[in-house]
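Subject: Handing over a structure

Hi there,

Here is the structure I wanted to pass on to you. Please open it alongside this note, and then read on for what turned up.

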Amino acid sequence: MTSYEKIYDRFLQKITDYKMLDLMDTEIRQECAKWLSSAIAKFRRCKNDLSQRDDELETFTVELLDVEIEILSTLMVSEWLAPQLNSVLYTSQFFGGKEERWFAQANQLDKLMTLKGNNDLEAKKLMRDYGYQTKLWNREET
């Protein structure tokens, strides 16, 4: 059995979010659970059945491989980035002043988009390599 905590720890190593310092542990776990749920939905070709889990005990009923934990935590980073990227701060212009604010806003949005794109690419590469490895493992078993 693999606990959600193991995946959360791997995810939290990948990000720096000072807003989380103001949250209680239960609130952080609730947010992580949401991101994990979305990550599970995006990891479609997992050798282990990710639907075999107990959300109350926060565990998978199977033992996940390290690479599966890495893929889930990387997908969680994308889920964590998405609301920041879709923030109203980047979709509406600030009034009252200099163009600097708009350029700074656009620059920040561009950097976030690049960061998310790079993270998504990393997740795809991990899933691709994992897919090749599991096919090799399946051939060796037969």
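Predicted model: local features only at pLDDT ≥ 70, side-chain atom pairs only at ≥ 80, totals over all residues.

Residues are numbered from 1 along each chain as its sequence is written, and side-chain values use heavy atoms, with hydrogens and water left out.

First, the overall layout. The chain has 5 helices and 3 strands, taken as DSSP runs numbered from the N terminus (helices are H or I with at least four residues, strands are E with at least two). Their order along the sequence is β-α-α-β-β-α-α-α. Of the 142 residues, 34% count as buried. If you take the contacts (heavy atoms within 4.5 Å) between residues at least 6 apart in sequence, 73% of them join residues at least 24 apart.

Now back to the rings. Searching the whole structure gives 4 aromatic pairs. For Tyr4 and Phe60, the ring centres are 5.2 Å apart and the planes meet at 55 degrees, so this pair is tilted. The rule pairs rings of Phe, Tyr and Trp (its six-membered ring) with centres within 6.5 Å, and calls planes under 30 degrees apart stacked, over 60 edge-to-face and the rest tilted. Because Tyr4 sits in helix 1 (residues 4-14) and Phe60 in strand 3 (residues 59-60), the pair ties together parts that are 56 residues apart in sequence.

Phe11 and Trp35 make another tilted pair, because their ring centres are 5.4 Å apart and their planes are at 50 degrees. This pair also links distant parts of the chain, with Phe11 in helix 1 and Trp35 in helix 2 (residues 25-42), 24 residues apart. Phe11 is buried at a relative accessible area of 0%, and Trp35 counts as buried at 11%. Ring pairs also bring Tyr4, Tyr8 and Phe60 into one cluster.

Next, how the helices pack. Helix 1 and helix 3 (residues 66-85) have axes 8 Å apart and an angle of about 55 degrees; axes are lines fitted to C-alpha atoms over the stretch in contact, and angles run from 0 to 180 degrees between N-to-C directions. The two helices are therefore oblique to each other, given that angles under 35 degrees count as roughly parallel, over 145 as roughly antiparallel, 65 to 115 as roughly perpendicular and the rest as oblique. On the helix 1 side, the contact is made by Lys6, Ile7, Tyr8, Arg10, Phe11 and Lys14, and they meet residues of helix 3 including Asp66, Ile69, Leu72, Met76 and Trp80. By class, this contact has 8 nonpolar, 2 polar and 5 charged residues (Ala, Val, Leu, Ile, Met, Phe, Trp, Tyr, Cys and Pro are nonpolar; Asp, Glu, Lys and Arg are charged; the others, Gly among them, are polar).

Helix 3 packs with helix 2 too: their axes come within 8 Å and cross at roughly 115 degrees, so the two are roughly perpendicular to each other. From helix 2, Cys32, Trp35, Leu36, Ser38, Ala39, Ile40 and Lys42 meet Leu72, Leu75, Met76, Glu79 and Trp80 of helix 3. This contact divides into 9 nonpolar, 1 polar and 2 charged residues.

Finally, a loop for you to look at. Glu58 lies between strand 2 (53-54) and strand 3 and counts as buried at 18% relative accessibility. Beyond its neighbours within four places in sequence, Glu58 is in contact with Ser3, Tyr4, Tyr8 and Arg29. Most residues other than glycine have a negative phi, yet Glu58 has a positive one, near 55 degrees. Leu57 is in the loop between strand 2 and strand 3 as well, but it is exposed, with a relative accessible area of 59%. The C-alpha atoms of Leu57 and Tyr4 are 8.9 Å apart, although the two residues are separated by 53 residues along the chain.

Technical notes
Buried < 20%, exposed > 50% of the residue type's maximum accessible area, 1.4 Å probe, protein only.
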